Amino acid sequence: MSAEPVADFGLIGLAVMVCSLLLGQNLILNINDHGFTVCAFNRTVSKVDDFLQNEAKGTNIVGAQSVEEFVSKLKRPRKIMLLVKAGSAVDKFIETLLPYLEEGDIIIDGGNSHYPDTQRRYEYLTSKKIMFVGCGVSGGEEGARYGPSLMPGGNPDAWPHLKPIFQAIAAKAPDGAPCCDWV
């Protein structure tokens, strides 16, 4: 299924529960509030429909019913954040995405992966000319919705593409500086 690219950012993992919090949904709403169009996808596609009909109703957030549709809705270079359970689920989603990605696209793992896994994924995706970023997301449900602390690191060529979004949505220090920088 092909769709016109409309989204600035894509997020996979609406229903990941972290300490009983739905971080994916709140992060999407935060990104939308800062003027970026987000495409949402979840393995259980009914979660996307429910989200669009409820919390995201009246926003610019778009959804997808398949990985192929999800990727086709993203502007290049595609910026895709995975908020899925750390471990094999991240690897499975990466493999599912790869047939639809192109050189220079970006995959961000926001799921608190163990650093050797992050390094392995960085090396693997670099060999495929896909930029990989591991990104800590701190602040819980309220932070995701209104300003998390973000700690991205990985392929430095990805930062110019992510910086406008990440620094816009991040919490702000008393001097106005975003709680987000490349690490």
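Let me start with the largest nonpolar core, which has 32 residues. A nonpolar core here is a set of buried Ala, Val, Leu, Ile, Met, Phe, Trp, Tyr and Cys residues joined through side-chain atoms within 4.5 Å. Buried means under 20% relative accessible area, exposed means over 50%, and partly exposed is in between, with a 1.4 Å probe and protein chains only. The members that touch the most other members are Met81, Ile108, Leu162 and Phe166. Among the elements that give two or more residues to this core are strand 1 (9-12), helix 1 (23-33), strand 7 (106-109) and helix 7 (159-169). Helices (H or I, at least four residues) and strands (E, at least two) are DSSP runs, numbered from the N terminus.

A word on the source: this is a predicted model, in which local features need pLDDT of at least 70 and side-chain atom pairs count only at pLDDT 80 or more, while totals for chains, interfaces and linings use all residues. Residues are numbered from 1 along each chain as its sequence is written, and side-chain values use heavy atoms, with hydrogens and water left out.

Back to Phe166. Leaving aside residues up to four places away in sequence, Phe166 touches Phe9, Met81, Ile108, Cys135, Leu150, Pro152, Trp159 and Cys180; contact means heavy atoms within 4.5 Å. There is also a second, separate core of 22 residues, including Ala7, Cys39, Val84 and Leu125.

Seven strands form an open sheet with mixed pairing, in the order 5-4-1-6-7-8-9. Two strands pair if DSSP finds at least two bridges between them. At the edges are strand 5 (62-63) and strand 9 (149-154), each pairing on one side only. Strand 1 and strand 6 run parallel and are joined by three bridges. Glycine 10 has isoleucine 80 in strand 6 as its bridge partner. Helix 4 packs on the sheet and touches strands 1, 4, 6, 7 and 8, and its direction makes about 155 degrees with that of strand 6. For that angle, axes are lines fitted to C-alpha atoms, for helices over the stretch in contact, and angles run from 0 to 180 degrees between N-to-C directions.

Is glutamine 25 buried or exposed? It counts as buried, because its relative accessibility is 11%. Glutamine 25 touches Leu14, Phe51 and Glu55, again not counting residues up to four places away in sequence.

Now the charged pairs. Side chains of opposite charge can pair when their charged atoms come close. The structure holds eleven salt bridges, a salt bridge being a side-chain nitrogen of Lys or Arg within 4 Å of a carboxyl oxygen of Asp or Glu. In one of them, aspartate 33 pairs with arginine 145, the closest N and O atoms being 2.5 Å apart. Aspartate 33 lies in helix 1 and arginine 145 in helix 6 (residues 140-146), so this pair ties together parts 112 residues apart in sequence. Aspartate 33 is partly exposed at 47%, whereas arginine 145 is buried at 17%.

Arginine 78 has two partners to mention. With glutamate 102, the closest N and O atoms are 3.0 Å apart; with aspartate 105, they are 2.7 Å apart. Aspartate 105 and arginine 78 are both buried, while glutamate 102 is partly exposed at 38%.

Last, a network of salt bridges links Asp91, Asp109, Asp117, Arg120 and Arg121.
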